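Here is a friendly walk through one model, written for reading beside the structure. Please keep the viewer open as you go.

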Amino acid sequence: MKKAVIFDLDGTLNNTIASIKRSADEALGQFGFGPYTVEQYKYFVGDGAAVLVERCLEAGGDKEHIHFKEAYAEYQKVFEKYCMYRVKPYAGIRKLLAALRERGVKLAVLSNKPHKRTVEVIHEVFGKDCFDLVLGQTEGIPRKPSPEGVFYILKELGLTAADILYLGDTGTDMQTGKAAGAFTVGALWGFRTKEELLENHADAIIENPMKLLDYL
């Protein structure tokens, strides 16, 4: 049996798209960009806040990111305000986490969301004791799809890649898990498509959270 599960956050544990859209629309709107649709934001997210802002600028015609510095600073400020705006866990996630805990499986989060905001969201939604380790985008650890975040978690938990399942909803997540040598599971309830998950070599794809238990 696997000893731990590493979860992506946005689009996997929680539906956070409303908080991201509100923050980015307000921040980028000050520079004449947006608003953008929910569907657009589902493809802007996933690779960190800086890349999110770059994609927003590009969608508005700023291909050279001329407004990046001030827009990124404004987004960080606004996102701190709206980080928890309409954030909620996906159906079945709480039940899955409880089932994993009952089996003695360790739980970790690896997100490209800034670390402070990642911890804030996890603690607000799930409490401070649900996960054994929470890691957001942090200086010194390259963001996903680098496997370095996975390796850091494995070291902290005293595990190897063979001991874990990695669950995420994007191609970036699948690349991260595969690069780390983990069994990588794609979540269909998130922001991206089955085709994207397959193209990035998901080992398995599930339509609801409780199906993850089949791969322990």
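Contact here means heavy atoms within 4.5 Å. Axes are lines fitted to C-alpha atoms, for helices over the stretch in contact, and angles run from 0 to 180 degrees between N-to-C directions. Helices (H or I, at least four residues) and strands (E, at least two) are DSSP runs, numbered from the N terminus.

## About the model

This is a predicted model, in which local features need pLDDT of at least 70 and side-chain atom pairs count only at pLDDT 80 or more, while totals for chains, interfaces and linings use all residues. Residues are numbered from 1 along each chain as its sequence is written, and side-chain values use heavy atoms, with hydrogens and water left out.

## The sheet

An open sheet is formed by 6 strands in the order β5-β4-β1-β6-β7-β8, with parallel pairing; two strands pair if DSSP finds at least two bridges between them. The edges are β5 (133-137) and β8 (204-206), each with a single partner strand, so one side of each has no neighbour in the sheet. From one strand to the next, the twist averages 20°.

Strands β1 (residues 4-7) and β4 (residues 106-114) run parallel and are joined by 4 bridges. Phenylalanine 7 has valine 109 in β4 as its bridge partner. Helix α5 (residues 93-102) lies across β1 and β4, at about 155° to β1.

## A helix pair

How do α1 and α4 cross? The axes of helix α1 (residues 17-29) and helix α4 (residues 68-82) come within 8 Å and cross at roughly 140°. That makes α1 oblique to α4 (angles under 35 degrees count as roughly parallel, over 145 as roughly antiparallel, 65 to 115 as roughly perpendicular and the rest as oblique).

On the α1 side the contact includes Ile20, Ala24 and Leu28, and on the α4 side it includes Tyr75, Val78 and Phe79. The residues of this contact divide into 9 nonpolar, 2 polar and 3 charged.

## Backbone points to check

Most residues other than glycine have a negative phi, and most peptide bonds are trans. The bond from glycine 34 to proline 35 is cis, with omega near 0°, and proline 35 is in the loop between α1 and α2 (38-44). Another cis peptide bond joins lysine 144 and proline 145, with omega about 20°.

Histidine 65, not a glycine, has a positive phi of about 60°. The loop between α3 (49-59) and α4 holds histidine 65. For histidine 201, phi is also positive, near 65°.

Key: Ala, Val, Leu, Ile, Met, Phe, Trp, Tyr, Cys and Pro count as nonpolar, Asp, Glu, Lys and Arg as charged, and the others, Gly among them, as polar.
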